[in-house]
Amino acid sequence: MTFDSLVFLAFFTVFYLLYWFPFNNNLKLQNLFLLFASYLFYSLGDWQCLFYLIGLSAANYYLGIYISRSQKVTVRKALFITGLVIDIGGLAFFKYFNFFVTSSDSLLHAIGLNPDLHTLNILIPVGISFYTFRVISYLIDLQQERIAVCKDLVIFFAYVSFFPSLLSGPIDRAKNFIPQLERPRAFDYNRFVNALRQILWGFFKKAVFANHLAIVTKDIFGNYQHYTASALLFGALCYAIQLYADFSGYTDIAIGVAQLLGFDIARNFNYPFFAQNIAEYWRKWHMSLTSWLTDYLFTPLNIAFRDYGKWGIILAVIINFTIVGLWHGANWTYVLFGFLHGCYFIPIILKGRLYKRKKIEKKRLIPSVRELANMTGTFLLVALTLVIFRAETISAAFSYLRGLVSISIFAAPNYAVWPTAGFLSLFLLIEWTGKDNEYPIQSLGLKWPTWCRWSLYMVMVTLIYYYSVSGPTEQFIYVQF
Amino acid sequence: MERTEILNQVNDVFKEVLDNDDIALQDETQASDIAEWDSLSHIQLVVEIEKHFRIRFTSKEIQSWKNVGEMIGTIQSRL
């Protein structure tokens, strides 16, 4: 079940009324109801994998209890490693087993062996990458005594399976989320209105921008042999915006739905396409994943390699970003995508600029020429690398990229770019003017007359409806990860 | 070395690494109080502090400090 379905609308309406009315007087019952609803939400799309979700939650819950009770360091460590093996082993089996088998098979064939390895017919649990990272962070934080053990089974299970962020994140940490489950939640009208506004913006991005751009990118990427380099460049730019509108749209809806239930979940985006270099881009893109990997992978690596100076940082960054790529799925395209992003950090690290941030001043409407050049350069680099991310295979990606290296890059695109280019410009303009807010329309129209603001909302709702019924709807891209 | 002197020297390292002359550290200062101080810059700060005082922190120490005061405490225990 995804947010843009009528089934979800019906499910959430019934759930919401029950959540705030009969169950709001009893925190334990409300949490139990939230857990039940999360499992229902999950099982309506993937009931077989519900057992894995419950099993993983149970394993981590009980390991957490035993870790906290154990007095001996060696026992704590053994329990902690058992937990990591279960969590990472499960993720590796479901998501990467067949990739490992096919890659090993190709490698062994290449050196003249014929091992006859077989892949398995594995059903990958939806959202596994997201909820596995939640439980891993819980165990690490517990082992390092950054958080207290969660003794309430319902609260822990509800943390792992919280339905607004279950399928595509954001990846919330136990430290921020479990305390919110432990205290009573009060209905707040202003929060309610803000949540609805963010949900509206999320649906608008998805239905109006992402779904429209999906048609363009399907056409250009599917028939790239027939297009000029300039049209291919346009396709790459469209895909970058499509992916952002799609994923950040999903995240806005998730954050809004969580707020409606009285929860503040992690922010995932901070206007990444206005970043001035690749390091800043990754501080603004899929922030809950990058901060997770920064804390649990990059920082330990960086500490371990700190005697090697800048080259130690480079090695840690490249390993980190290769894992970022691999996290998306079992395909060499993702590995190459991540590895390249790691390599893009090299000049920044060598120049000693990794830690020095250039911020565009708040409230400034016009960027300087230098800022604009930096933003454009970063965006182009990101968009061209996303060609690899989108492709089925590395050779397909390079065929597309080779098509870009042509004199026809200076020719007029043989694709009707102008309607979509206008669309893209409008999107970027809304983002730019709203960049000082958590989401662009957060404060838009708050000082206008009520009828004026409501007219804007009604136009947005109408456009969402129009694009949803008139064009093809695409599944949220990040649900597959 | 006096605790105040250590704090002053650590403050200079922070200013240099984070390229921010407005930094004025206190024992209670946390990473969330300084915009440029994140988990990325934290390691760079550690490296420079280790070099400056000619000491070596453990990995656990580096990841466990909750504020500047705790970091100063560890430095003081090594000098």
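**Exercise 1. Determine which helix supplies the largest share of the nonpolar patch on chain A.**

Solution. Helix 2 of chain A (residues 27–46) supplies the largest share of the nonpolar patch, namely three residues. Helices here are DSSP runs (H or I, at least four residues), numbered from the N terminus. The patch lies on the surface and is formed by Val7(A), Phe36(A), Leu40(A) and Leu44(A), with about 380 Å² of accessible area together. Val7(A) has its place in helix 1 (residues 6–20) of chain A. Patch members have over 30% relative accessible area and no salt bridge, and nonpolar side chains (Val, Leu, Ile, Met, Phe, Trp, Tyr) are joined within 5 Å, whereas like charges are joined within 9 Å. Accessible areas come from the Shrake-Rupley method with a 1.4 Å probe, and for residues only the protein chains shown count as cover.

The structure is a predicted model, in which local features need pLDDT of at least 70 and side-chain atom pairs count only at pLDDT 80 or more, while totals for chains, interfaces and linings use all residues. Residues are numbered from 1 along each chain as its sequence is written, chains are lettered from A and ligands numbered from 1 in the order in which they are written, and side-chain values use heavy atoms, with hydrogens and water left out.

**Exercise 2. Describe the contact between chain B and chain A.**

Solution. First, 17 residues from chain B and 17 residues from chain A take part in the contact (heavy atoms within 4.5 Å). Next, the two chains bury about 1,600 Å² between them, 54% of it on carbon and sulfur atoms. Buried area is the accessible area (1.4 Å probe) that two parts lose on being put together, summed over both. In chain B, Leu40(B), Ile43(B) and Gln63(B) lose the most area to chain A, together 38% of what that side buries.

Then consider the charged pairs: there are two salt bridges between chain B and chain A. A salt bridge has a side-chain nitrogen of Lys or Arg within 4 Å of a carboxyl oxygen of Asp or Glu. Arg56(B) and Asp307(A) meet in a salt bridge at 2.6 Å, N to O. Finally, helix 2 (39–53) and helix 3 (59–64) of chain B each supply at least two residues of the side that touches chain A. Helix 2 of chain B gives the largest share, eight residues.

**Exercise 3. Explain why the pair Lys28(A) and Asp152(A) ties together parts that are apart in sequence.**

Solution. Lys28(A) and Asp152(A) form a salt bridge, with their closest N and O atoms 3.7 Å apart. Lys28(A) lies in helix 2 of chain A and Asp152(A) in the loop between helix 5 (128–143) and helix 6, so the pair ties together parts that are 124 residues apart in sequence.
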